[in-house]
2 protein chains.
Amino acid sequence: MSDHVDVPEDHPRHDSLLTRHRIEDGVDRGITSRQGLIAQGRGEAYDYLLGERTIPSADEAERAAAAQLLLADHPVLSVNGNVAALVPEEMVELAEVVGAELEVNLFNRTEERVAAIAEYLHEHGAGEVKGLRADGRIPGLSHERAKVDSDGIGDADVVLVPLEDGDRAEALAATGKVEIVIDLNPLSRSAQSAAIPVVDNIVRAVPNITRHARELADAPRDELEAIVADFDREAALAAAERAIRTGGDGEE
Amino acid sequence: MSDHVDVPEDHPRHDSLLTRHRIEDGVDRGITSRQGLIAQGRGEAYDYLLGERTIPSADEAERAAAAQLLLADHPVLSVNGNVAALVPEEMVELAEVVGAELEVNLFNRTEERVAAIAEYLHEHGAGEVKGLRADGRIPGLSHERAKVDSDGIGDADVVLVPLEDGDRAEALAATGKVEIVIDLNPLSRSAQSAAIPVVDNIVRAVPNITRHARELADAPRDELEAIVADFDREAALAAAERAIRTGGDGEE
């Protein structure tokens, strides 16, 4: 991915600054909203307290997410403005590795932003991108917030929703779909409502889910099911909160 | 202050949402930058962990800040885009109560933003606003980052710098001026370099400094000096970090 700003590789805040510049580029491209910039700042603060690394419980969640996506009949990866700005190639790659569809789904939906994000994903190698039809609805949300593609997220059994609003994450979980969330705040309603909450920076989480999926690609179904069954979401959320509060790695 | 968005008074996140909308209005007015939106998000996360309240050590810091401003020969309050967007009236009021000057001082300086912020302060009752001449320099910073008014911050003995970048806060402290910082991250270089670090949300901190200054307006000089001397910055920073990490009020 090209970056418009030179950040020296040895700068102590290299990854954090690069991430911030990707989000700002997203504004120029019309894919990141003002709310997206504020959300990026919240994420920066939680990641700073987390030590800007993937803690062991997050790695386990990422492995469980990979197994769950491989087990799915119809997995869909939801993409909003910040997700597209931060990890466009990485989302396309994960979709390929687990056989998932990509769907643009926005909290502040405008047709222009949906089209700009779909185009940006195409530029990064995506085939079909859903989210433009928006002919389905998630129950329990106001009209604009509820829109999904009926043959995309509407028909999915497993959905990855990174950096999602709490109301929408709760409403989606209430449909009975298996929800995987990526969110740096373990106390957020998004993380709390997910079957598999991944408390990690999306720029680390998505490539790591892909790595696990590659390793598990030929694993038998019962091994994948065991990985999902063994994942303890309550323990993972508690470990993440401990890591943020204490600065440690969250292990007891 | 008028707000363009109706947030019900009884909404549990009322203050936080109102603050966010003020920042977004700031973008429309050309006074808040993209970096300002991201910084707002970081602040939201720290304030959330802090319980969105003024902890006892912050109240003590705010009282010491009031005393220090009243003791100053030439106090200056620095105003950037987020400060102007969030607390324009409150900064004008504090300047009046402690007899300080207001100076617009920006990390990402453009003449347009300086003028827009000065105009916004005038709309909220400010008399003279400094920062447009920019004929002085803070040593140790690159050219654009270093600009101040020579008869404003350049000549001040006490400077209040809310929501300031770490490099700039360190460089300003190195000039020997007494620096009061408002910053929600007690680990930030801005907070760490301040003589009086106020770890609190600016929308609570500025009115509370003003309230203390009103109470102390007729206090004898030695009482003010004792308040400043008794303030323990290391203890205040440690209490704020404990409050963020543990969710308590930071008192031992």
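How far apart do the axes of helix α2 (residues 34–50) of chain B and helix α12 (residues 233–246) of chain B come, and at what angle do they cross? They come within 7 Å and cross at roughly 85 degrees.

Quick housekeeping. This is a predicted model, so local features need pLDDT of at least 70 and side-chain atom pairs pLDDT 80 or more, while totals for chains, interfaces and linings use all residues. Residues count from 1 along each chain as written, chains are lettered from A and ligands numbered from 1 in the order written, and side-chain values use heavy atoms, with hydrogens and water left out.

On terms: helices are DSSP runs of H or I, at least four residues, numbered from the N terminus. Axes are lines fitted to C-alpha atoms over the stretch in contact, with angles from 0 to 180 degrees between N-to-C directions.

Back to chain B. Tyr46(B), Leu49(B) and Leu50(B) in α2(B) meet Ala240(B), Ala243(B) and Ile244(B) in α12(B), where contact means heavy atoms within 4.5 Å. By class that's six nonpolar, no polar and no charged.

Now over to chain A and helix α3 (residues 56–71), which packs against helix α10 (residues 202–216) at about 55 degrees, axes 8 Å apart. So α3(A) and α10(A) are oblique to each other. Who's in this one? On the α3(A) side you'll find, among them, Asp59(A), Glu62(A) and Arg63(A), and on the α10(A) side, residues including Arg211(A), His212(A) and Glu215(A). This contact has nine nonpolar, two polar and five charged residues.

α3(A) also meets helix α11 (residues 221–230) of chain A, their axes coming within 8 Å and crossing at roughly 135 degrees. That pair is therefore oblique too. Arg63(A), Ala67(A) and Leu70(A) are among the α3(A) residues here, with Leu224(A) and Ile227(A) among those from α11(A).

Last, the interface. Chain B and chain A each put in 22 residues. Together they bury about 2,200 Å², 57% of it on carbon and sulfur atoms; that's accessible area (1.4 Å probe) lost on being put together, summed over both. Arg34(B), Ile38(B) and Arg245(B) supply 31% of what chain B buries against chain A, more than any other three residues. There are four salt bridges between the chains (Lys or Arg side-chain nitrogen within 4 Å of an Asp or Glu carboxyl oxygen). Arg34(A) makes one with Asp28(B), closest N and O atoms 2.8 Å apart.

How values were computed. Helices (H or I, at least four residues) and strands (E, at least two) are DSSP runs, numbered from the N terminus. Angles under 35 degrees count as roughly parallel, over 145 as roughly antiparallel, 65 to 115 as roughly perpendicular and the rest as oblique. Ala, Val, Leu, Ile, Met, Phe, Trp, Tyr, Cys and Pro count as nonpolar, Asp, Glu, Lys and Arg as charged, and the others, Gly among them, as polar. Buried area is the accessible area (1.4 Å probe) that two parts lose on being put together, summed over both.
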